Amino acid sequence: MNRPLVVDSVAALRAQIRDWRRDGVSLAMVPTMGALHDGHISLIRIALEKADRCVVSIFVNPTQFAPSEDLDKYPRQLGRDLDRLAEAGAQLAFAPGVAQMYPASFATRITVGGPAAGLESDFRPTFFDGVATVVAKLFLQASPDCAVFGEKDYQQLCVVRQLCRDLDLPVDIIGAPTIRDAHGLAMSSRNAYLGDAELAVARQLNAILRRAAAALAAGADEGSATAEASRALIEAGFDKVDYVAARESLTLAPWRRNRDGRLLAAAWLGKTRLIDNVEVLSA
Ligand code: AMP
């Protein structure tokens with residue numbers, strides 16, 4: 001099991017990738033914020049099926065956190081992450097410090113419309129600007145052939161696709177299925193915040209969404225199906241529901257019956273905000 005090469009500067013990242021490119025290898029990228037779990041590892045495995053080498057970025061990106069959010073307490077565990085990357089077979093880890101990504105003079109921000117509108121943006125209005133900015137930087141730094149993103153963050157995946165289309169970034173975006181625990185809970189670095197009682201509640205999120213998606217597919221009215229899901233989440237023990245909404249899978253425009261859809265939700269358990277989504281099959 002080989003530990004990956006670890007670099008923390010853009011110059012060292014580019015030097016390594018330039019070496020590889022000279023030998024004609026293809027490169028996949030997996031951007032992460034670290035605290036790696038099986039969901040991240042699944043993306044690396046897909047990346048290594050698509051390309052000869054995989055670079056994983058580990059960077060808790062401050063520009064996607066609002067001042068009220070959990071930037072300071074977000075889990076950071078580089079040593080353990082590197083062990084997991086070795087297991088998964090990733091060859092290169094890019095773990096820059098904040099000053100490397102955002103020097104004091106930094107003054108650019110990318111704003112994406114379309115799929116970024118609504119849902120998460122209604123509650124985290126600056127989130128996708130931060131994501132788009134850091135993803136654009138990572139792609140320009142590493143120039144990968146493809147990059148793998150999880151469907152767990154479904155709106156983010158749509159936003160990144162839009163970003164690449166709009167800015168002609170020549171990176172093939174691959175969406176990867178959500179990895180869940182045995183009870184259906186989507187793996188997330190933020191699950192570490194949950195106590196045992198909260199974990200039991202969190203594990204009901206996916207089943208409630210699947211039930212609502214099945215009701216929609218069977219002809220239920222969208223307003224009642226999503227309201228019923230919100231009610232069920234509160235009854236299960238969630239403290240607050242930010243949204244439960246059905247959207248068209250590709251554009252995230254309002255869902256129309258007989259179109260492939262996605263049911264997306266965000267809800268709070270104490271101070272922890274969880275998101276999940278499921279497919280809505282067209283009739
Ligand atoms: P994060 O470190 O949370 O920013 O996530 C990095 C990447 O891993 C994103 O593309 C996420 O969508 C993806 N990811 C996070 N959790 C999961 C999961 N449970 N299954 C699949 N992909 C995931």
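A: Let's start with Q64, which counts as buried because its relative accessibility is 9%. Here buried means under 20% relative accessible area, exposed means over 50%, and partly exposed is in between, using a 1.4 Å probe and protein chains only.

A quick heads-up before we go on. This is a predicted model, so local features need pLDDT of at least 70 and side-chain atom pairs count only at pLDDT 80 or more, while totals for chains, interfaces and linings use all residues. Residues are numbered from 1 along each chain as its sequence is written, and side-chain values use heavy atoms, with hydrogens and water left out.

Where does Q64 lie? Look in the loop between β3 (53-58) and α3 (78-88). These elements are DSSP runs numbered from the N terminus: helices are H or I with at least four residues, and strands are E with at least two. If you skip residues up to four places away in sequence, Q64 touches M33, E69, R124, F127, G130, V131 and V134; a contact means heavy atoms within 4.5 Å. There's also a polar contact of 2.9 Å between the side chains of Q64 and N61. (A polar contact is a pair of N or O atoms within 3.5 Å; within protein, one must be able to donate a hydrogen and the other to accept it, and residues adjacent in sequence count only if both atoms are side-chain atoms.)

UniProt, in an unreviewed entry, lists Q64 and Q156 under "binding site". The two are spread over 93 residues of sequence, yet they cluster in space, with a largest C-alpha distance of 11.6 Å. Keep in mind that UniProt positions use the numbering used here, that feature names are shortened, and that annotations may be inferred rather than shown by experiment.

So what about Q156? Find it in helix α7 (residues 154-166). Q156 is buried as well, because its relative accessibility is 16%. Leaving out residues up to four places away in sequence, Q156 touches F127, F128, V131 and F149. Notice that F127 and V131 turn up in the contacts of both Q64 and Q156.

Now to the ligand. It's surrounded by 17 residues, and the closest are H40, G150, D153, I179 and M187; a residue counts as near a molecule if one of its heavy atoms lies within 4 Å of it. A polar side-chain atom of H40 lies 2.9 Å from a ligand oxygen atom. G150 uses its backbone instead: an N or O atom there lies 2.9 Å from an oxygen atom of the ligand. M187 also brings in a backbone N or O atom, 2.9 Å from a nitrogen atom of the ligand. Of the 490 Å² of accessible area that the ligand has on its own, the protein covers 93%. Those areas come from the Shrake-Rupley method with a 1.4 Å probe, and for residues only the protein chains shown count as cover.

Which elements give two or more residues to this shell? They're β2 (27-32), α2 (38-50) and β5 (146-150), with the largest share, three residues, coming from α2. By class, the shell has eight nonpolar, seven polar and two charged residues. Ala, Val, Leu, Ile, Met, Phe, Trp, Tyr, Cys and Pro count as nonpolar, Asp, Glu, Lys and Arg as charged, and the others, Gly among them, as polar.

Y154 is buried because its relative accessible area is 8%. Beyond residues up to four places away in sequence, Y154 touches S249, L252, R262, L264 and N277. One of those, L252, sits in the loop between β7 and β8 (261-269). L252 has a positive phi of about 65° although it isn't a glycine, and it is buried because its relative accessibility is 4%.

Last stop: Y243, in strand β7 (residues 240-248). Apart from neighbours within four places in sequence, Y243 is in contact with L119, E120, F123, L264, A265, A266 and R273. Its side chain makes a polar contact of 2.5 Å with the side chain of E120.
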